[in-house]
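I opened a new notebook page for this one.

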Amino acid sequence: MDARITLRVDGEERSPTVDTRTTLLDALRDRLGVMSPKKGCDHGQCGACTVLVGGRRVLGCLALAVAHDGAEVVTARGLGALPDGGDGNSGGGLNGNSRNGDGDGERQGPSDDGLHPVQRAFLDHDGLQCGYCTPGQVCSAVGMLAEAAAGHPSHVTDDLTRTGPAVLDDTEIRERMSGNLCRCGAYVNILAAVREQAAVREQAAPARGEAIP
Amino acid sequence: MIPFDYVRPADPADAVAAVGGRPGAAFLAGGTNLVDHLKLGVTGPDLLVDVSGLPLDRIEETPTGALRIGATVRNSDLAAHPLVRHRYPALSRALLAGASGQLRNMATTGGNLFQRTRCPYFQDTSTPCNKRVPGSGCSALGGHTRDAAILGASAHCVATHPSDMAVALLALDASVVLLGPDGERTLPLAALHRLPGDTPHRDTVVEHGELVTAVELPDRASARHSTYRKVRDRRSYAFALVSVAAALDVADGTVRDVRIALGGVAHKPWRAERAEAALRGTAPTEAGFARAADAELAAARPLEGNAFKVPLARRTLVAVLRDLAGAADGGTRHDGREGGR
């Protein structure tokens with residue numbers, strides 16, 4: 001059975017016709033040519049297909065495209081156009097923020113290279129080797145930082161009753177990122193990249209505190 | 001994957017009618033288990049009725065002080081909810097011990113209850129499995145049994161229930177609200193899941209077309225002193241070998257109320273009523289905890305590959321009770337979180 005659906009992908013509205021059996025991951029890659037989410041295990045065990053749907057990290061391989069009609073999807077390709085890179089709201093402005101034609105090394109600031117701060121941190125800390133898991137890693141990290149800012153606890157959080165943004169030490173980061181495997185074993189540098197971004201957000205948290213539920 | 005139709009029902013009654021009226025229809029919520037099974041060929045519904053958009057996503061207190069959790073509340077939202085974190089810490093802990101951040105953002109309360117065993121033979125369509133194909137045999141017997149049940153299994157099936165959440169809900173005396181063609185019924189969670197017997201293809205007592213709309217938790221003193229401890233083969237993102245959810249209410253040096261459930265040991269979340277009976281009215285001591293664990297595990301019938309689960313369950317149960325008793329005494333705060341690290 002075919003179904004026509006509409007997705008807003010990295011700020012752009014797309015309306016593919018998909019078989020009901022098509023996953024969100026396959027719709028993005030095979031129908032829409034959005035190749036940044038990767039197919040690793042295709043069974044929800046590796047995290048390579050992680051994208052943000054409505055600002056929350058999910059696995060594209062276990063999501064049916066037809067069940068996401070109307071969804072706002074942000075892949076690693078569109079992360080750089082997020083407003084602050086943290087809350088996952090909207091990919092608005094993506095089209096006006098083209099990275100095409102930018103020469104390597106022409107980075108004039110965190111917002112000028114088209115990269116999300118988390119992506120830049122992965123580069124700065126060498127948080128990858130082959131790069132296959134990286135689009136999923138960065139989407140997961142962006143979603144995870146938003147969850148932490150919203151005060152979500154984790155399996156290793158000592159005090160469940162503590163409110164406010166979660167404090168992300170290394171143990172917390174490792175636990176919260178455990179759904180993304182890296183078979184090259186770049187975990188140490190992925191951890192460093194996410195740790196840096198967690199620290200940046202913790203410093204900024206007081207100013208943004210009012211908006212956090 | 002077998003072709004299927006897809007509909008979004010207008011309301012819960014519409015959803016029930018859509019599935020109830022077609023033998024090959026199934027509900028779809030978060031999809032984290034079902035979509036995988038569609039790919040693997042474990043199941044092949046001809047119609048998916050997507051309930052994820054139904055207005056069942058609220059968490060609210062009822063007039064009696066109970067907590068009513070809508071069936072489509074996502075696992076991550078439930079774990080993070082302030083009332084759950086304060087009143088039912090075992091539930092938050094269990095949810096956070098399960099799956100990954102991405103999966104918890106997708107998986108729903110209702111769907112979690114109906115996820116199916118991760119027995120490797122159930123998921124491998126090239127092998128016999130009585131749960132997947134009734135009467136075809138059990139490949140786990142004589143095969144890989146590290147994950148298999150030690151309590152309540154049968155000659156037809158030794159699979160374990162994979163949910164963490166359901167184990168905590170059982171120890172918290174949850175009820176499940178089901179909507180069917182003939183209206184609503186409420187079932188104690190303890191009566192939802194089945195032992196395998198000679199019909200292991202049926203995980204629960206729920207009839208085709210019945211939809212879980214909510215889970216209800218009573219407001220009990222012991223629930224506030226509850227926790228969940230999970231032991232697994234790696235530190236994170238793995239199913240339980242053994243897990244323990246317990247709620248303990250100690251007053252005047254005596255166990256006034258205790259509720260215990262075990263995970264990873266049976267075809268269903270296992271309520272440890274023998275252990276509870278051995279503890280109620282006694283002083284909370286290490287020796288008493290060990291006796292209670294032994295009382296429960298006397299019925300264990302391990303296989304060659306999972307005999308380790310008996311002493312592991314015993315030690316984990318004793319440790320959880322020790323931590324809860326210590327916390328009740330105002331001693332060093334220990335809530336069992338370390339079990340999965």
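**Entry 1: a lysine and its surroundings**

I noted at the start that this is a predicted model. I began by listing what Lys131(B) touches beyond its neighbours within four places in sequence: Arg116(B), Thr117(B), Phe122(B), Cys157(B), Ala159(B), Pro200(B), His201(B), Asp203(B) and His267(B).

Next I asked where Lys131(B) lies in chain B. I found it in the loop between helix 7 (109–113) and helix 8 (165–171).

Is Lys131(B) buried or exposed? I got a relative accessible area of 4%, and the cut-off for buried is under 20%, so Lys131(B) counts as buried.

Then I checked what its side chain does. The side chain of Lys131(B) has a polar contact with the side chain of Asp203(B), at 2.5 Å. It also reaches the backbone oxygen of Pro200(B), at 2.7 Å.

**Entry 2: chain B against chain A**

I turned to the interface. Chains B and A bury about 3600 Å² between them, and 53% of that is on carbon and sulfur atoms. I see 42 residues from chain B and 42 residues from chain A in the contact.

How many salt bridges are there between chain B and chain A? I count two. One I wrote down is Arg56(A) with Asp77(B), whose closest N and O atoms are 3.1 Å apart.

On the side of chain B that touches chain A, the elements giving two or more residues include strand 1 (5–7), helix 2 (34–40) and helix 6 (101–106). Helix 6 of chain B gives the most, with five residues. I sorted that side of chain B into 17 nonpolar, twelve polar and 13 charged residues.

Conventions
Residues numbered from 1 in each chain as written. Chains lettered and ligands numbered in written order. Predicted model: local features only at pLDDT ≥ 70, side-chain atom pairs only at ≥ 80, totals over all residues. Heavy atoms only, no water. Helix = DSSP H or I, 4+ residues; strand = E, 2+ residues; numbered from the N terminus. Buried < 20%, exposed > 50% of the residue type's maximum accessible area, 1.4 Å probe, protein only. Polar contact = N/O pair within 3.5 Å; in protein donor to acceptor, adjacent residues only side chain to side chain. Contact = heavy atoms within 4.5 Å. Buried area = accessible area lost by both parts, 1.4 Å probe. Salt bridge = Lys/Arg side-chain N within 4 Å of Asp/Glu carboxyl O. Nonpolar A, V, L, I, M, F, W, Y, C, P; charged D, E, K, R; others polar.
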